[in-house]
Amino acid sequence: MAYDAVSVEGIKYLLPELVLVSGILTLFIITNLGDAKIRLPLTRLRIPALLGGNRFKWNSDPRLPGVISVFTFILAIAMLIQTLGGDTCNDLVEKFCAETTILTTTGNNPVDLLKLDSFSRLFELMFFLALLLVSAASINRLQADSNPSNDDLDQLLDNRRQVDFHLLLLISGLGMTIVAMSMNLFVLFVGLELASLPIYVMVAFHKESKAGTEAGVKYFITGAISSAIGLYGMSLLYLWSGSLQLSVLEATWAAMATPETLPLFGISLLLVGFGFKISAVPFHFVAPDAYSGASSPVAALLATASKTLGFIGLMRILMIITLPETGDAAVWMLAFGILSVVTMTWGNLAALGSENPKRMLAYSSVAHAGYMMAALVAVAAWKNGSFVENNSGGVMAVELIIGAIIFHLFVLISFKIGAFMVISHLETEDEVTDMSSLHGLAKREPIIATSMFVFMLALAGVPPLAGFMSKFLMVTGIVQVASADVLTNTEIDLIPTFLGMHWTFFLAISIFINSAISLYYYLRIGVLMFFEESTTRLPLPKVSILRFVILLCALATIFLGINSDWLVESAIEAASTLFTNS
Amino acid sequence: MAGDVSVEFWVATIPFVPLLTFPIILFLGQYFNGKDWWKNILKEGGAISLMSMGVVLILTSMVVAQFIGEMHHGQGKDILDWITFDVLRSDGMTNGVNLGFGIYIDHVSLMLLFVASFLCFLINWFSIGYMNTDKINDNRNHRFYAEFLIFCSGMLGMVLADNFLWLFIFWEIMGLCSYLLIGFYYEKPSAASAAKKAFLTTRVGDVFLMIGLIIMWNIYGSLEFDVIFGWNYFTNPVDMTLLKTALILMFIGAVGKSAQFPLHVWLPDAMEGPTPVSALIHAATMVNAGLYLVARMFPIFTGTADSNLIGDLADVGIIIAMIGGITAFMAAGIAFVQNDIKKVLAYSTMSQLAYIFTGLGAALWFASKGKSELALFALGASLFHLFNHAMAKGMLFMASGSVIHEMHHAHHHISHGEHEGFDAQDMTNMGGLASKLPITSTAMAAGSMSIIGIPLIGGFWSKEGIIAKVWKAAIYDGGYLLFIPAILLLISAGMTGFYMSRMWFMTFAGKPKTKVAEHVHEETPWIKFPLVILTFMTLGGIVFASLHFVNWVSTGHALHYDLVYEMKHAFLAMDKEGVIDSTFLILTWATIGLSSLIGPIIAMSLYGGNLKDGEKAIPTVSWLVKISGMVRNRWQFNNKSLAESGLAEALRRRLYFDDLYDWFCLKIIVPIGLGAALFDKKGIDGVIKGIESGSQSTSTWIRKLTTGSARDYIMMVALGSLLLVGLIWGMV
């Protein structure tokens, strides 16, 4: 169904976003309520204006903005769930799915703006969950002093700064959901910038620390340049097709007999913009600086939600616009194949020697981007005309791969955010600049250390944790795609089979090798926590909500690994909507 | 969680009850060791584990009650899901594969489930008496009970699993626990090395089993029972040679686990573990795992027989029967000369398991020839023997434990704590205990009679069935190669009669051979109850025979019909059609004569004898003692020349198998191992170290590119853009 975006029928599909907007307004108003009075002109009568003046005690509590933003996100998730279901998918117990609805511009020639389907709804859920965790963890985390100790209220940043932070989070969330829903490159770009700009600010939020400010500025400059390049690519595409609507672009691309210069340029430059978001090599350089300069919750956001933004963009462009139905290989296949291998290897090698846990996690996040890019390449290999089109198995493999990427992005929320939260917890004691902060953590905080170890194992992809499932699904998909040709045509004979594989098969091998390398630095964290001696045996300062978030993430990591059916089904459903309704 | 929460779900919880209880015991034990209440009320964890096993027993009884009457095969698939994925097969189709725990209940698993949980419960009960009263175990019994529970969960899980993969996983859990339990007294070098030996020997079999399972996967594309058992061989023909290889490899796994020739060497040494462990591993559970695996192959044989495939699997059946026959004979021979009461039982276990293997081999042979009625009877007889043997041998081990325990106490009492130079397990130190240990001696007599196959008692029914069916296959149905195991089984029946009687008479009849034996009393609490229960179970084998055990797997005849059939079979050797066959009549009476008369009488004349004057055994066994005295007085003969012959020496040296394996390990395996270690150190480690230092230096190098200056980053972005454009252009 298609509705006018600003009509009553249309707007009710945007309830989660409306909740975010009202959350933003609430945050503005509530925290600014005060005892200011206005004197009526010419009289002595003073009436309370409510806004401004000295604030009341209850709304100057520094934790209030955090609480408001947490409740906003919870409400948004509730609204999101309320929009789910419908005629074609009524069993949410089986999987997450939503009816497809398109929102258009007003007028006689409506242009598609936003699409609400299982794909975008699932991503909305991911964003809300990530932001919820981050804002919950930030309630007690934004200390004025960089070396604070406990739940003591006086140690927190004042209410104003808190408002700023959570406001930025909410605005960023709004941008993210727009990206998830966009059907138009222009809307997508607006959403992307709406999401990115607050993040730049949040990276530099600790203006008291030099590293944070520097990281923020660097991140902003590089990000701006990448965005500009992407925007330039977009304008080339517009020049070529006369529209930025995805469906129009797709049709024009498909109608193109021989590759033309303009769209190829446009697409390549667009990929630069998204390449920066997912921190693919060589656009990743600023990522470690940004991660280590930002406070840990913000770094967690960079590693999950911000990366997810980039992948949504890539999936939209690569899977919808430029993926040929049959015939030649996708134009970006080789380029992306090379980039993916370089990215995962670079990330892992660089992480190997990192002595700063946050930089290590940043590089690990680069490596993970490489894995997911490899999976994207395999999708192109399937559609590649040189393969025998195999009845229903074909769609399945592609959906499996995209589903695996979505699944991975989802579960990253549990263990990547979890890992950053542990570091955030360590930062309540002292700044974390090298691995020595982790020494002997197991003796000081057994539960936190065990959780951290679970996160590391999940990042490395050790069964039965969530990280294993996603990697397993991706590799299964890649191998299925790469070997379909050989297996359908020849008898099983190892060596010819191996040689006859499509080259994407070596992406799977590359993932294997890289997983092996990555185990080294993930397990090293375990060694440091369990076997090294720390200088102190005292437990960490008590920050209850942070502990709660860490524990929640650890449980989710284990649970999603063991009982992943629902989420895998949902991710595959989302993947299939990406393909079918485009 | 897929599927309804049904009876199958509750069945699936059975293995998880002990699995979830063991950490409780372990942690409580770690914290509260030495506390009074922990020691006296919770019995250092024994009470907790007993409760856990009690829950298991109740659940099992409910399951048995649910399924016993009906021919329904319960199955709960995918009770715990983990991964579901598709496998692209060579024909381009996909196979859905699910790696999850599900349960599969049929008569085979039901019986083993009952045997395992019932005996585990009783052995746990017994352990409280046996382990907790011995000073040497103080403050570490919680370890015993925790390992005991994991072991039980391994066994129960293995029996219930609905595919070969989970069967293998639980199989390995058991392997681990048997290692831990045999090496419970790890400070004793002999126990430590026995544990190692058991682990490594079974490992040899496990490797083959794993290869076999991989081949099975290759053939069927799945390891789930319902896929393999329900395979349509007409539409999907399989490679018979490959299948045969897989089955033989799996059988080698079973050989290792069930201690059959030539992987039997670990079992006698495993007696170093505490006696409850011997009972647990050698009677109730682990050794039956191999039998269970072989019994599980049955539908594959009937399936392939009922198809138009070229060739059949008869060879596999013959190999299994052959190994069984050889082991039965060899182990019985070695048991002749053992003086350690537990070692006699260990070899007896090997021999009896070999009977079951032979019966299973015959069953599989019949099945592969398409003779399903006979196959089912042979299978039923084998499984019934498994039941009888498990009950009897579990009891015998516990009874021997009681003897050893009381001997130990008596010695302790006399010598005031000096333990040097006295072996409480040596039967040459015993004698005349019938009057001192009334319940133990009765139990042991009943157990021995069941193992020997004294008519109308327990094992008699099943053993007759096995021997008759193997002979039937050999004589009438063209399995000429089966003559070898058939003859060996018949001879072993007589040998069983001898060595089991010898054990009993050496221990309980005659005059006490040492001072210690005169001071033995049956006084330890907790020990008697399981013995009494199991005595009734053993003697009442016929009752269970009538309860469909034999024909469980078949179409289910009326209750009395089976009973009468058993009787007819034993004494009239009548065919199902009612034709009396003189060959079988001779065979039956030959078996009875050998096992119940000749064997015991020779044993009596050598080792029997009346008790010391004035001593009196309880009526249940006094007649035995009296007969033995009479026989000895009349037919005493000297076996000195025989006992000192080369054969006896060879038997004492266990037919040199251990020496052979030791030599083989020392001369061949160890040099290979040293070479491998060298290669590992220089070759592999060198490469790995090289890779490691290489990656570290690469890491340092590439991290240098991250200069920290935004200018460089922008340049990189620009270069990257050029690269992307170039690559995409290049592709076109």
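1. Contact between α2(B) and α6(B). In this predicted model, P18(B), L19(B), T21(B), F22(B), I25(B), L26(B) and G29(B) of α2(B) meet H142(B), R143(B), Y145(B), A146(B), L149(B), I150(B), C152(B) and S153(B) of α6(B). Two residues are in contact if their C-beta atoms, placed from the backbone, lie within 7 Å. By class, this contact has 10 nonpolar, four polar and one charged residues. Ala, Val, Leu, Ile, Met, Phe, Trp, Tyr, Cys and Pro count as nonpolar; Asp, Glu, Lys and Arg count as charged; the others, Gly among them, count as polar.

2. Geometry of the pair. Helix α2 spans residues 16-32 of chain B, and helix α6 spans residues 141-160 of chain B. Their axes lie 8 Å apart, at an angle of about 170°. The two helices are therefore roughly antiparallel, a term for angles over 145 degrees. Axes are lines fitted to C-alpha atoms, for helices over the stretch in contact, and angles run from 0 to 180 degrees between N-to-C directions.

3. Chain B overall. Chain B has 30 helices and two strands. Both are DSSP runs numbered from the N terminus: helices are H or I with at least four residues, strands E with at least two. Of its 732 residues, 52% count as buried, with 20 or more other C-beta atoms within 10 Å of their own C-beta atom, placed from the backbone. Among contacts in chain B between residues at least 6 apart in sequence, 81% join residues at least 24 apart.

4. A sheet in chain A. Three strands form an open sheet in the order β1-β4-β5, with mixed pairing. Two strands pair if DSSP finds at least two bridges between them. The edge strands are β1 (2-4) and β5 (112-116) of chain A. Neighbouring strands are turned by 30° against each other on average, direction ignored.

5. β4 and β5 of chain A. Four bridges join strand β4 (residues 101-104) to β5(A), and the two run antiparallel. I102(A) has K115(A) as its bridge partner. T101(A) has L116(A). β5(A) is mostly covered, with four of its five residues buried.

6. Confidence. Chain A averages a pLDDT of 84, and 89% of the residues score at least 70. pLDDT is the predictor's confidence in each residue, from 0 to 100. Over residues 144-150 of chain A the pLDDT is below 50. It is under 50 over residues 384-395 of chain A too.

7. Conventions. Residues are numbered from 1 along each chain as its sequence is written, and chains are lettered from A in the order in which they are written. Local features need pLDDT of at least 70, side-chain atom pairs count only at pLDDT 80 or more, and totals for chains, interfaces and linings use all residues.

Terms used
Parallel < 35°, antiparallel > 145°, perpendicular 65-115°, else oblique. Buried ≥ 20, exposed ≤ 12 C-beta atoms within 10 Å, placed from the backbone.
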